Amino acid sequence: MEALVHTVNALRAVAPSGAWRHRVRRVLVILTGSRSGSSVFKACLAQHPDIAALDGELEPLLALTGNGFGHHPDCASDAIGPLRNLDALADNIFDGLTCAPATAVPALAPAPELQARWRRRLLLQFPALYAASHEWAAVQQTLAGALAALGPHQAAAPLAAQHAILQRVHAPARWRLHYYDGGLDSEAARPFAEAGKIEEPPFVLPSLTRRRYTADDAADKVLLFKTPADAYRPGLHRQLFPAAEVQYLHLTRGYAASVNGLLDGWLSPTGFFAHDMARAGVALAIGGYSERCGFGRRWWKFDLPPNWRQFIDAPLSEVCLNQWLSCHGHILASGVRAERVQFEAFAAAPAATLAALWPR
């Protein structure tokens, strides 16, 4: 896996910008559990003109820089202590950060920027496939043609344009479209079985209209992060941005809805493949999962709490309940000052909830 990560880093060719991390002044971290509505909550916050955010989560960038479970020898769960390769991690973060466009009328980002954004994201999604030089050359040519075919009018309907790009990129293997949120093809889904994994499916669709983060933004924009596993990592963002004020939002959602979402995700054939437990020498025997799914002895889904070994042969319902309890328990026990936000309140009145958090 280390050799594959090395190849992906070389192909991504991210420019050095790690020194910017000492110029960042404000960071906002959403602390939450998986299946708590945090993706839509973050997406709404990211529309604020003062906020910069990643298209996805921090997790694949940790993997690229030798951090996290399966990559750092001292990490026995999603809990991370001292980070390794801080500047390289910051390089990847700044490369992936984008800001809401300054104009009211959306426009496509410049073509070279879109090309870089999409090719670097695809390398996270299918690293083993594109590590082969012939496959990588072919997909870059297809991607360039798909982006060149975009017209200015498509900035008003970016989701349809993103889907059109994916349809062309994955035309030789359309089942891979099911690895994206919502499934984009009528062909029957195949269980996730890629030879290597860096980004966790459902995969992120790279933005077409947001502008690239620059050095001039470091002192002015608030950097927004959302990764459920951050519940186990107090202090991570302070390591990355030592001069910044780090603020926290604790997003909660009722346990019934959250645990039900976790149950569905564990049984999904195409999504939420977080940790390959074969790398830890562990075969799972989770009741209602391991014997039911062909991938059920190998793949742990969603976040990996520090007490995960106690649940490798528990019923799936107990595994999911423990994930919900562990995330919120660690957030509360961390002692960080966090403003509490209920997802149910946000869903009922999103504009009012966001205005209270971040008045324009």
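1. Leaving aside residues up to four places away in sequence, Val-336 touches Leu-31, Tyr-248 and Ile-331, where contact means heavy atoms within 4.5 Å. This is a predicted model, in which local features need pLDDT of at least 70 and side-chain atom pairs count only at pLDDT 80 or more, whereas totals for chains, interfaces and linings use all residues. Residues are numbered from 1 along each chain as its sequence is written, and side-chain values use heavy atoms, with hydrogens and water left out.

2. Val-336 lies in the loop between H11 and S9; helices (H or I, at least four residues) and strands (E, at least two) are DSSP runs, numbered from the N terminus. Its relative accessible area of 23% makes Val-336 partly exposed, the class between buried (under 20%) and exposed (over 50%), computed with a 1.4 Å probe on protein chains only.

3. Val-336 is also one of the residues lining the largest cavity, together with others including Val-29, Leu-31, Asp-230, Arg-233, Tyr-248 and Ile-331. A cavity is a set of points on a 1 Å grid over the protein atoms alone where a 1.4 Å probe fits but cannot get out, and lining residues have an atom within 4 Å of a point. The volume of this largest cavity is about 70 Å³, a volume being the space filled by probe spheres set on the points, which are joined across faces, edges and corners. Strand S1 (26–31) and helix H11 (316–334) each contribute at least two residues to its lining.

4. The sheet is open and has seven strands in the order S4-S3-S2-S5-S1-S6-S9, with mixed pairing; two strands pair if DSSP finds at least two bridges between them. Strand S4 (211–212) and strand S9 (338–342) are at the edges with a single partner strand each, so one side of each has no neighbour in the sheet. Helix H2 (residues 38–45) packs on this sheet, touching S1, S2, strand S5 (222–226), strand S6 (245–252) and S9.

5. Strand S2 (residues 51–54) is joined to strand S3 (residues 97–99) by three bridges in the antiparallel sense, whereas S2 and S5 pair in the parallel sense over three bridges. Ala-52 has Cys-99 as its bridge partner in S3 and stands opposite Leu-223 in S5. Both faces of S2 are covered, with Ile-51 and Ala-53 buried on one side and Ala-52 and Leu-54 buried on the other.

Key: On a 1 Å grid over the protein atoms alone, a cavity is a set of points where a 1.4 Å probe fits but cannot get out, and a pocket is an open set with protein on both sides within 12 Å along at least five of seven lines; lining residues have an atom within 4 Å of a point. Axes are lines fitted to C-alpha atoms, for helices over the stretch in contact, and angles run from 0 to 180 degrees between N-to-C directions.
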